[in-house]
Amino acid sequence: YMAAVLALMRLPRRPIEGYEDSALGASRRTGSGEDRSGLRDIGDALRYLRGQRALALLLVVHLFIVVFSMPYQRLLPGFVHEVLSNSEQQTALRLGFLYTATGLGALTGSLVIASIPGRRRGKLLLYGTALMGASLLAFAVSEVFWLSAGIVIVMGLGQASRQALSQ
């Protein structure tokens, strides 16, 4: 990710006519020829976050959750091969099924979040995060494929709800 950020910083700046940023407390028009750098914009964002405790806390918690929960997707092929299957062909079939089950849970979670009213979303974020963590722990100790398939549906639901609500 850092390589992508550094590469994007090297792109030529093109001003957006009439752009006004009231979120940072200052009105600036990039169309006026003011030269802005990516690092300066990052500094502005960090200064803004210093005054927005709830938003800063949400970002830190989200980063923590992503760092500790998302690697399972990259480790899943090895886990399925070593724990949940007996052959290469069975590994491929079961891995595809588990990814599909995760997607089914994620779709369900996204639809549920989209259909609920805007109240108590903070609590729902906590519940979705807890659901993701608990299902990840259950998946890690499961050695039965069909039980694991049910767990990843719940994991997908928790993951999608967490992602949708943290946005």
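The points below take the aromatic rings and then the surface.

1. The model is predicted: local features need pLDDT of at least 70, side-chain atom pairs count only at pLDDT 80 or more, and totals for chains, interfaces and linings use all residues. Residues are numbered from 1 along each chain as its sequence is written, and side-chain values use heavy atoms, without hydrogens and water.

2. Five aromatic pairs are found in a search of the whole structure (ring centres of Phe, Tyr or the six-membered ring of Trp within 6.5 Å; planes under 30 degrees apart are stacked, over 60 edge-to-face, the rest tilted). The ring centres of Phe 79 and Phe 139 are 5.0 Å apart with planes at 45°, so this pair is tilted.

3. Phe 79 belongs to helix α4 (residues 71-84) and Phe 139 to helix α6 (residues 121-141), so their pairing ties together parts 60 residues apart in sequence. Helices here are DSSP runs of H or I with at least four residues, numbered from the N terminus. Phe 139 is buried, at 5% relative accessibility (buried is under 20%, exposed over 50%, partly exposed in between, with a 1.4 Å probe and protein chains only).

4. One aromatic cluster is formed by Phe 97, Phe 145 and Trp 146. The charged end of Arg 94 sits over the ring of Phe 145, 4.5 Å from its centre (the criterion is NZ of Lys or CZ of Arg within 6 Å of the ring centre and within 35 degrees of the ring normal).

5. Which helix holds Leu 6? Leu 6 is found in α1 and is partly exposed, with a relative accessible area of 48%.

Technical notes: Helices (H or I, at least four residues) and strands (E, at least two) are DSSP runs, numbered from the N terminus.
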